[in-house]
Amino acid sequence: MSKKSIAPFLCSILAMVSVGVGAATPAQSIEAKLQDSTTDPSIAHMRIVLDHETVKPGRVVLHAQNESKTLVHELVVVRDDGGKTLPFDAKHSRVIESKVHRLGEISDLKPGTAGKLTLNLRPGSYVLMCNEPGHYKDGMLARLTVAR
């Protein structure tokens with residue numbers, strides 16, 4: 001092949017590669033609202049409200065908003081291994097994170113602040129929880145399903 005005939009060939013390969021790169025699946029986004037009775041007096045227990053509870057496998061960006069007026073919250077992502085009860089330390093009123101498959105967290109969100117976390121999730125079940133003392137026990141968790 002001569003130098004003149006290689007140039008169009010290389011251009012066509014580069015065009016195909018750039019189309020393939022541009023076709024990558026974008027990250028999915030989940031909004032998580034961290035709420036307690038200071039957010040709204042009608043809320044009886046702390047909670048995490050997700051804008052949707054099912055996503056497809058791949059990159060997922062979690063956006064957590066602490067809507068509390070007075071409390072620090074966090075969002076810890078744990079792989080749910082068959083629906084087992086998470087190991088709990090009653091003395092400290094927290095899940096024992098060293099004994100679970102923890103994937104990441106958005107830690108110590110002060111009242112009114114937000115944070116984000118990007119994960120690559122495989123099919124399965126996950127628990128999103130706040131593990132500040134007493135919060136998980138009060139119901140501050142949500143379940144997320146990753147399905148094809």
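**Exercise 1. Find the lysine that lies over the face of F88, and describe the surroundings of that ring.**

Solution. Start at the ring: K137 lies over the face of F88, 5.1 Å from the ring centre. (A charge counts as over a ring if NZ of Lys or CZ of Arg is within 6 Å of the ring centre and within 35 degrees of the ring normal.) Before going on, a word on the source: this is a predicted model, in which local features need pLDDT of at least 70, side-chain atom pairs count only at pLDDT 80 or more, and totals for chains, interfaces and linings use all residues. Residues are numbered from 1 along each chain as its sequence is written, and side-chain values use heavy atoms, with hydrogens and water left out.

Next, look for ring pairs: the whole structure has one aromatic pair. F88 and Y136 form this tilted pair, 6.2 Å centre to centre with 35° between the planes. (Rings of Phe, Tyr and Trp, the last by its six-membered ring, pair if their centres lie within 6.5 Å; planes under 30 degrees apart are stacked, over 60 edge-to-face, the rest tilted.) F88 lies in strand β6 (residues 88–89) and Y136 in the loop between β10 and β11, so the pair ties together parts 48 residues apart in sequence. (Strands are DSSP runs of E, at least two residues, numbered from the N terminus.)

Finally, check accessibility: F88 is partly exposed at 27%, whereas Y136 is buried at 16%. (Buried means under 20% relative accessible area, exposed over 50%, partly exposed in between, with a 1.4 Å probe and protein chains only.)

**Exercise 2. Work out which parts of the chain the salt bridge between R143 and D80 ties together.**

Solution. First the pair itself: the side chains of R143 and D80 meet at 3.4 Å, N to O. (A salt bridge is a side-chain nitrogen of Lys or Arg within 4 Å of a carboxyl oxygen of Asp or Glu.) Then place the partners: R143 is in strand β11 and D80 in the loop between β5 and β6, so parts 63 residues apart in sequence are tied together. R143 is partly exposed at 48%, while D80 is buried at 14%.

**Exercise 3. Trace the salt-bridge network that includes R102.**

Solution. Begin with E97, whose side chain meets that of R102 at 2.8 Å, N to O. R102 also forms a salt bridge with E105, the closest N and O atoms being 2.7 Å apart.

Key:
Helices (H or I, at least four residues) and strands (E, at least two) are DSSP runs, numbered from the N terminus.
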